[in-house]
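Student: Hi! I have a new model open and would like to walk through it with you. Can we start with what sits around the ligands?

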Amino acid sequence: MPPTLIELHEIPPELLGCAVAIGNFDGVHRGHTVLIRQLIELARRHSGPAIVVTFDPPPSAILLPDRPASPPLTPLSRRAELLQELGVAAVVPLKTTPQLLSLSAEEFFEQTIRSKLKASAMAEGPNFRFGHNRKGDTNLLQELCQASQIELCIVAATSDSGGMVSSTRIRELIAAGELSAANQMLTQPYQLQGVVQPGAQRGRELGFPTANLAEIKSLLPGHGVYAGRVQLHSKEFRAAINIGPNPTFAEDRVKVEVHLIGFSGELYGQELRCQVLTKVRDVQRFDSFDALKQQIAIDVTRCESFEHSTTSQ
Ligand SMILES: Cc1cc2nc3c(=O)[nH]c(=O)nc-3n(C[C@H](O)[C@H](O)[C@H](O)COP(=O)(O)O)c2cc1C
Ligand SMILES: Nc1ncnc2c1ncn2[C@@H]1O[C@H](COP(=O)(O)OP(=O)(O)O)[C@@H](O)[C@H]1O
């Protein structure tokens, strides 16, 4: 477990008296960044650390067991990493059990915020809900905090031209292949992490070997060819990524295939992190091996020259 992830029953004394934000923080988007900045300011004023309490798995996985759980934008370790980069001292993952979810809002506040963390301050968004059946809202939180002399800061939601910045909106955009729009809302470009496994060994014959990623624990973008970036051995490579089947070879299995532009070497078994920046085109069936090869060459040129721009946050 990375050092930023700390279990609630293992909180060291130096983390007590912290400023706390509670939530899923999936994706770690621009709205989360605004809230975390406020949290860090609170922590500074109270001379304590800034801590995020999150849920593993997300409560919806327990509350709606019949609905197939959509993979997260960020697995817990990535979420913790991004939050740490924003200045959070530790992330406390609460094991989401039916018992945890059956606690009333008051019990949850008493047990977690007051007794275990001895929080001095809290920051939450206006939609924050807590306790059994999501009964607790920001009004109740305000009352509980006041009674315990915990400073509470309700941070206004961040919006853009499409509405409120939210993990749900980002998830929908990613599933639809609209990575540029999704990335505008994220703190860092969307990342897939996986382990390179052998494929059909066709890529090298095409002149474009592709590292096939397995064990990906986050939401897959909709099928398509994407421009991306890979950090490998402290060097950055542009990448051309194919997410989807290989219809040219009548292969239906969905694969995530990453061609690292300008790299040669062996990647089997290695863990690879790949940022997915923008969609270049849909996956197509080509009439011949050569037609596919020609198109991939065009894709690679486009992906190589794609400049990812971030809005100032
Ligand atoms: C940039 C890029 C674009 C691709 N586009 C398509 C496509 O449109 N249709 C298709 O059938 N396969 C496409 N592929 C996938 C190739 O068919 C696949 O990489 C090749 O069959 C190698 O498979 P392997 O890694 O299992 O050996 C693309 C691959 C790359 C890298
Ligand atoms: N530029 C590159 N991009 C991706 N993989 C590469 C590259 N150069 C070499 N490789 C290696 O080649 C493998 C992919 O070759 P490929 O013929 O597509 O085989 P496979 O079907 O097993 O993926 C990768 O897993 C990696 O080990």
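Student: Which residues are closest to ligand 2, and how many surround it?
Tutor: This is a predicted model, in which local features need pLDDT of at least 70, side-chain atom pairs count only at pLDDT 80 or more, and totals for chains, interfaces and linings use all residues. Residues are numbered from 1 along each chain as its sequence is written, while chains are lettered from A and ligands numbered from 1 in the order in which they are written. Around ligand 2 there are 20 residues, and the closest are Gly-199, Gly-203, Arg-204, Pro-209 and Leu-267. A residue counts as near a molecule if its C-beta atom, placed from the backbone, lies within 6 Å of it.

Student: Which elements give two or more residues to that shell?
Tutor: Helix H9 (203–206), strand E9 (211–214) and strand E12 (251–260) do. Helices (H or I, at least four residues) and strands (E, at least two) are DSSP runs, numbered from the N terminus.

Student: And how do the shell residues of ligand 2 divide by class?
Tutor: They divide into 9 nonpolar, 8 polar and 3 charged. Here Ala, Val, Leu, Ile, Met, Phe, Trp, Tyr, Cys and Pro count as nonpolar, Asp, Glu, Lys and Arg as charged, and the others, Gly among them, as polar.

Student: OK, ligand 1 now. Which residues come nearest?
Tutor: Gly-199, Ala-200, Ala-240, Asn-242 and Thr-248 come nearest, out of 23 residues around ligand 1. H9, strand E11 (235–246), E12 and helix H10 (289–305) each give two or more residues to this shell. By class, the shell around ligand 1 has 10 nonpolar, 10 polar and 3 charged residues.

Student: What does UniProt place at residues 185–308?
Tutor: The UniProt record, an unreviewed entry, has the feature "domain: Riboflavin kinase" there. UniProt positions are given in the numbering used here, feature names are shortened, and annotations may be inferred rather than shown by experiment. In the model, residues 185–308 are 18% helix and 43% strand, with the end C-alpha atoms 14 Å apart.

Student: Which strands pair with E13 there, and in what sense?
Tutor: Strand E8 (residues 191–197) pairs with strand E13 (residues 271–281) in the antiparallel sense over 5 bridges. Strand E10 (residues 224–232) also runs antiparallel to E13, joined by 6 bridges. Two strands pair if DSSP finds at least two bridges between them.

Student: Hopping elsewhere: how do E4 and E5 pair?
Tutor: Strand E4 (residues 121–124) and strand E5 (residues 151–154) pair in the parallel sense over 4 bridges. The chain goes from E4 through helix H6 (residues 138–147) to E5, in a right-handed β-α-β crossover. Right-handed here says that, with the strands pointing away from the viewer, the path from the first strand over the helix to the second runs clockwise. Ala-123 stands opposite Cys-153 in E5.

Student: What does Ala-21 touch?
Tutor: Ala-21, in strand E1 (residues 19–22), is in contact with Leu-35, Ile-36, Leu-39, Val-52, Met-122, Ala-123 and Glu-124, leaving aside neighbours within four places in sequence. A contact is two C-beta atoms, placed from the backbone, within 7 Å.

Student: Is Ala-21 buried or exposed?
Tutor: Ala-21 is buried, because 29 other C-beta atoms lie within 10 Å. The cut-offs are 20 or more other C-beta atoms within 10 Å for buried, 12 or fewer for exposed, and partly exposed in between, with C-beta atoms placed from the backbone.
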